[in-house]
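Thanks for coming, everyone. Please take a look at the model on the screen before I start.

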Amino acid sequence: MSHMTSEPGPVQTERRGGRTAWIVVFAACVGQFVVVLDVSVINVALPSVRAGLDIGEGSLQWVVNAYVITFAGFLLLGGRAADLFGRKGVFILGLGIFTAASLLGGLATSPGMLIAARAVQGVGAAVLSPATLTILTTTFPEGTGRVRAIATWTAVGTGGGAAGGVIGGLLTDYLSWRWVLLINVPLGLIVIVASAVWLTGGRAGKAGRGRLDVPGAVLATLGAGSLAYGISQTESHGWGSARALGFLLLGVVALGAFLAVERRAAEPLTPLGVFRVRSVSVANAITVISGMAFYAMWYFLSLYMQNVLKYSAVETGLALLPHTLAVILSAQLAPRITRWISGRTLLALAGALTAAGFFWQAAMKADGTFLVTLLGPGIAFSFGAGLMMTIQSVFATTGVPAERAGVVAGLVNTSRTMGGALGLSVLSSLAAGRTDREGTGLEALSSGYASAFFGSGVAVVVSMALIVLLPRSPRSPATA
């Protein structure tokens with residue numbers, strides 16, 4: 001009966017289908033949902049957080065930045081850990097850290113305690129997020145089944161970011177800002193129990209003989225963290241400030257040293273050979289550039305609704321629901337569309353729709369309305385973004401062996417996060433500059449936000465130029 005204890009391979013697991021396959025997808029998607037949710041859910045609660053803990057204006061930004069920076073800095077380490085120590089154990093560890101830090105943050109009695117909890121949350125998210133994608137790519141073989149699983153993962157994860165405004169507004173208005181963090185605790189405990197029972201364990205590669213590349217991990221974390229911190233300083237101190245330039249330079253130097261170490265490491269954190277796979281290298285480049293627009297679109301829409309149209313936090317979240325539904329719908333349709341259209345062609349069409357939506361949104365005015373100003377362009381770029389992110393993730397995780405699945409999952413998440421951090425800073429500076437030139441008042445604010453959406457459209461167009469370098473389709477011909 002030894003066959004009863006062996007770990008099922010991807011094809012075998014998928015063929016078992018039914019309840020087991022759905023629980024695998026459920027666990028991975030809920031894990032990704034809470035990770036992405038916590039990037040955006042805290043934003044609408046910040047005024048209540050500041051009043052409740054008496055946080056100064058200068059320190060308030062770190063309630064957000066502490067999470068984003070540690071998340072970006074530890075993503076590659078999280079991806080490699082999933083390969084070496086087993087996706088099940090790493091997934092549960094990351095979710096456990098994230099859940100415990102959420103409890104600590106929800107019970108925080110001082111600004112320092114809350115910021116520290118958010119930083120630990122970011123570490124847990126960085127360990128958890130690559131494992132969620134690794135679980136799917138090692139459970140489902142290349143082809144329609146994997147595209148469908150990744151589409152669900154993309155839809156739920158992106159929906160988490162979009163739903164952050166609704167959930168944060170409702171929890172803050174009707175309960176307390178603390179529940180913005182405490183809501184993760186019951187969700188985390190449910191998924192931990194389900195994962196412990198249903199997920200398969202073990203390593204994808206050589207069991208028991210892998211080691212983490214500690215020098216590479218330190219340099220990657222220092223580089224990504226320094227870049228993220230430097231970028232976060234540009235909005236308040238400017239791109240030419242010593243504070244911003246110093247950390248940006250440190251990040252570049254650390255990442256250069258990281259590449260040098262990886263070339264010589266016996267067991268590198270990021271085997272540079274994965275970049276020889278055309279789909280991986282090109283898809284990550286596209287993800288970085290287009291990600292500059294995707295993270296920023298929710299941010300600037302929320303500001304426009306609240307600062308110009310004078311929506312409340314809950315009204316803003318509800319107004320974003322059509323955008324969320326458009327992302328979810330398009331991500332679910334992506335695997336069906338790839339039956340008739342190649343992945344590369346679909347990505348190009350999705351990019352064109354997304355860019356058109358952003359340019360349309362850039363026509364916003366101070367006297368805009370929901371139906372005329374928000375709904376049409378919002379559905380266009382949201383539907384396109386859902387398609388783009390799904391196909392990008394499929395390309396970025398295709399063509400590599402199972403033992404490298406965690407590495408490429410970490411790479412695509414790192415690319416999206418760092419692209420988003422860079423884009424938010426660049427587009428915020430663009431918006432602020434336009435507003436300053438226009439003067440004061442709602443029209444000036446509206447013009448600033450409009451310029452940010454125009455910049456988002458340009459970023460998507462630039463990313464589309466790289467599509468011609470991708471393989472025709474991420475599907476395997478045998479599964480087409």
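How much accessible surface does the protein have, and what share of that surface belongs to carbon and sulfur atoms? About 18,700 Å² in total, with 67% belonging to carbon and sulfur atoms. Areas like this come from the Shrake-Rupley method with a 1.4 Å probe, and for residues only the protein chains shown count as cover.

A quick word on sources. This is a predicted model, so local features need pLDDT of at least 70 and side-chain atom pairs count only at pLDDT 80 or more, while totals for chains, interfaces and linings use all residues. Residues are numbered from 1 along each chain as its sequence is written, and side-chain values use heavy atoms, with hydrogens and water left out.

Now the overall picture. We have 18 helices and zero strands. Those are DSSP runs numbered from the N terminus: helices are H or I with at least four residues, strands are E with at least two. Of the 480 residues, 57% are buried. Buried means under 20% relative accessible area, exposed means over 50%, and partly exposed lies in between, with a 1.4 Å probe and protein chains only. Next, contacts, meaning heavy atoms within 4.5 Å. Take those with a separation of 6 or more: 84% are between residues 24 or more positions apart.

On to the second largest pocket. Its volume is about 450 Å³. Points are joined across faces, edges and corners, and the volume is the space filled by probe spheres set on them.

Which helices build that lining? Helix 4 (57–85), helix 10 (214–237), helix 11 (242–264), helix 12 (278–308) and helix 17 (405–438) each give at least two residues. Helix 17 has the largest share, with five. By class, the lining holds 15 nonpolar, eight polar and no charged residues. Here Ala, Val, Leu, Ile, Met, Phe, Trp, Tyr, Cys and Pro count as nonpolar, Asp, Glu, Lys and Arg as charged, and the others, Gly among them, as polar.

Stay with Ser415 for a moment. Ser415 sits in helix 17. Why does Ser415 count as buried? Because its relative accessibility is 10%. Its side chain makes a polar contact with the side chain of Asn284, at 2.7 Å. A polar contact is a pair of N or O atoms within 3.5 Å; within protein, one must be able to donate a hydrogen and the other to accept it, and residues adjacent in sequence count only if both atoms are side-chain atoms. Setting aside neighbours within four places in sequence, Ser415 touches Asn284, Thr287 and Val288.

At 6% relative accessibility, Ile231 is buried. Beyond four places in sequence, Ile231 contacts Leu248, Ala421, Leu422 and Ser425. Ile231 and Met418 are 187 residues apart along the chain, yet their C-alpha atoms are separated by 9.6 Å. Pro215 also lies in helix 10. Pro215 is partly exposed, at 47%.

Now helix 5, residues 87–106, which holds Leu95. Leu95 is buried, at 2%. Outside four places in sequence, the contacts of Leu95 are Leu128, Gly188, Val191 and Ile192. From Leu95 to Ile192 is 97 residues along the chain, and 7.1 Å between C-alpha atoms.

Helix 16, residues 370–396, contains Ser382. Buried or exposed? Ser382 is buried, with a relative accessible area of 0%.

Last stop, Lys310. Lys310 is in the loop between helix 12 and helix 13 (313–319). Lys310 is exposed, at 56%. Its phi is near 65°, a positive value in a residue other than glycine. Most residues other than glycine have a negative phi.

Technical notes. On a 1 Å grid over the protein atoms alone, a cavity is a set of points where a 1.4 Å probe fits but cannot get out, and a pocket is an open set with protein on both sides within 12 Å along at least five of seven lines; lining residues have an atom within 4 Å of a point.
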